[in-house]
Amino acid sequence: GLALGSLLVALKGGVHPPLRAIHLGTLGIISGIAIYGLSSLFWQCVLGAFLFAFFHPMVNSAMQLIWRTETPIEHQGAIFAVRRMFTSALGPLGIAASIPLSEHIVGPAARAAGEWVPLAPVWPNAATMPLGATLVVVASTMAAVALYFRRNAFLEPAPQPDGPPSSSSPP
């Protein structure tokens, strides 16, 4: 998925307009996480992982385009270094947090919910339920944050009173 998504972005010459790419890509990533979390069959896992990886290059290249056009050249080196350090740290932190979160918080909540609603069709065994339910919670949280950002136009370029529109806005 990652290689195919990267190839598609490269062949298209980037993603335009970047805001649409961020919104659609985020929807694809969220869908991949949710499908993977709800999967009980191998092909469902593969589909979820593919979607998750396929849409990352779209979002990453669009975000980089916005950062490059909105950040003054003299500050780009320092800002991009801090941004990269922050995003690189999120992977290991997410992995480290996922096990305690799924075993001690989401897993028990899903087991309690399973007494009221049958969850066996979704997660056929007790070993897959905590992590699957955690992924569904993560996808739901990401969707809520993405909708909040979209509704409040956090990624929209700031209006410029005098002069041409920002280069990250659509033509």
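These legends describe close-up views of a predicted model.

**View 1. Helices H4 and H5 cross at roughly 90 degrees.** Helix H4 spans residues 73–114, and helix H5 spans residues 129–151. Their axes come within 8 Å. The crossing angle falls between 65 and 115 degrees, so H4 counts as roughly perpendicular to H5.

**View 2. Residues of H4 meet residues of H5.** H4 contributes Leu101, Ser102, Glu103, Val106, Gly107, Ala110 and Arg111. H5 contributes Met129, Pro130, Leu131, Ala133, Thr134 and Val137. By type, the contact holds 8 nonpolar, 3 polar and 2 charged residues.

**View 3. The largest nonpolar core has 16 residues.** Val15, Ala21, Ile29, Phe55, Met58 and Ala62 touch the most other members. Two or more residues come from each of helix H2 (18–38) and helix H3 (42–70). H3 gives the most, with 7 residues. In soluble globular proteins, nonpolar side chains tend to be buried together.

**View 4. Met58 and its contacts.** Residues up to four places away in sequence are not counted here. Beyond them, Met58 touches Val9, Val15, Ala21 and Gly25. Met58, Val15 and Ala21 are also among the core residues that touch the most other members.

**View 5. Gln76 is a buried residue of helix H4.** Its relative accessible area is 17%. The cut-off for buried is under 20%, which is why Gln76 counts as buried. Leaving aside neighbours within four places in sequence, Gln76 is in contact with Arg68 and Thr71. A polar atom of the Gln76 side chain lies 3.1 Å from the backbone oxygen of Arg68.

Notes: Residues are numbered from 1 along each chain as its sequence is written. This is a predicted model: local features need pLDDT of at least 70, side-chain atom pairs count only at pLDDT 80 or more; totals for chains, interfaces and linings use all residues. Side-chain values use heavy atoms; hydrogens and water are left out. Axes are lines fitted to C-alpha atoms, for helices over the stretch in contact, and angles run from 0 to 180 degrees between N-to-C directions. Helices (H or I, at least four residues) and strands (E, at least two) are DSSP runs, numbered from the N terminus. Angles under 35 degrees count as roughly parallel, over 145 as roughly antiparallel, 65 to 115 as roughly perpendicular and the rest as oblique. Contact means heavy atoms within 4.5 Å. Ala, Val, Leu, Ile, Met, Phe, Trp, Tyr, Cys and Pro count as nonpolar, Asp, Glu, Lys and Arg as charged, and the others, Gly among them, as polar. A nonpolar core is a set of buried Ala, Val, Leu, Ile, Met, Phe, Trp, Tyr and Cys residues joined through side-chain atoms within 4.5 Å. Buried means under 20% relative accessible area, exposed over 50%, partly exposed in between (1.4 Å probe, protein chains only). A polar contact is a pair of N or O atoms within 3.5 Å; within protein, one must be able to donate a hydrogen and the other to accept it, and residues adjacent in sequence count only if both atoms are side-chain atoms.
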